[in-house]
Amino acid sequence: MSAPKAIIQMLTTGSRIVYRAFGDAYKQAMANSAAAQAAAGNLKAAADGDRMTRASGITVEESTKILNIEDTNSKEELTKKFEHLFEANDPKKGGSIYLQSKVIRARERIEMHWAQEKLKAEQDLAEKEKTEAPSDGSDKQQ
């Protein structure tokens with residue numbers, strides 16, 4: 001076999017191998033992209049029902065896990081856990097600013113939840129008072 005023919009054969013074989021490798025990599029990238037889009041779609045669908053989750057990027061459940069609290073209505077427990085985790089993750093003491101920011105966001109999300117619940121209770125109370133209030137007298141018989 002002559003040298004030019006051998007070189008051409010090696011280039012052809014090498015090209016096929018590289019082409020197949022890029023094709024497989026592209027297929028895998030497309031599969032990963034589709035899976036990521038599906039996961040993002042599920043997160044978006046879950047968050048669509050909760051305006052505060054969309055605004056903060058974190059759910060109340062995630063916040064309770066980050067702060068390791070059981071009752072989201074316990075302000076004392078929230079404050080105690082927040083202060084402990086905030087101090088434990090202080091960058092000046094060798095902690096992580098990333099984790100410290102997660103702790104802050106978790107506390108903020110729970111506080112948003114409290115504000116949301118308070119607003120909802122006030123709206124329910126106003127609605128209840130509105131339906132129970134006596135009429136202006138237009139239905140009274142004379």
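1. Arg 105 pairs with Glu 108 in a salt bridge, with 3.0 Å between the closest N and O atoms. The term means a side-chain nitrogen of Lys or Arg within 4 Å of a carboxyl oxygen of Asp or Glu. Both residues sit in helix H5 (residues 97–132), three residues apart, about one turn of the helix. Helices here are DSSP runs (H or I, at least four residues), numbered from the N terminus.

2. This is a predicted model: local features need pLDDT of at least 70, side-chain atom pairs count only at pLDDT 80 or more, and totals for chains, interfaces and linings use all residues. Residues are numbered from 1 along each chain as its sequence is written, and side-chain values use heavy atoms, leaving out hydrogens and water.

3. Arg 105 is partly exposed at 43% relative accessible area. Glu 108 is partly exposed too, at 30%. Cut-offs: buried is under 20% relative accessible area, exposed over 50%, partly exposed in between (1.4 Å probe, protein chains only).

4. Helix H5 also holds Arg 107 and Glu 111, four residues apart, about one helical turn. They form a salt bridge, the closest N and O atoms being 3.7 Å apart. Arg 107 is partly exposed at 24%, and Glu 111 is partly exposed at 34%.

5. How many salt bridges does the whole structure contain? The search finds three. One of them joins Glu 87 to Lys 93, with the closest N and O atoms 2.9 Å apart. Glu 87 is partly exposed at 40%, whereas Lys 93 is exposed at 58%.

6. Met 10 lies in helix H1 (residues 3–48). Met 10 is exposed, with 59% relative accessible area.

Technical notes: Helices (H or I, at least four residues) and strands (E, at least two) are DSSP runs, numbered from the N terminus.
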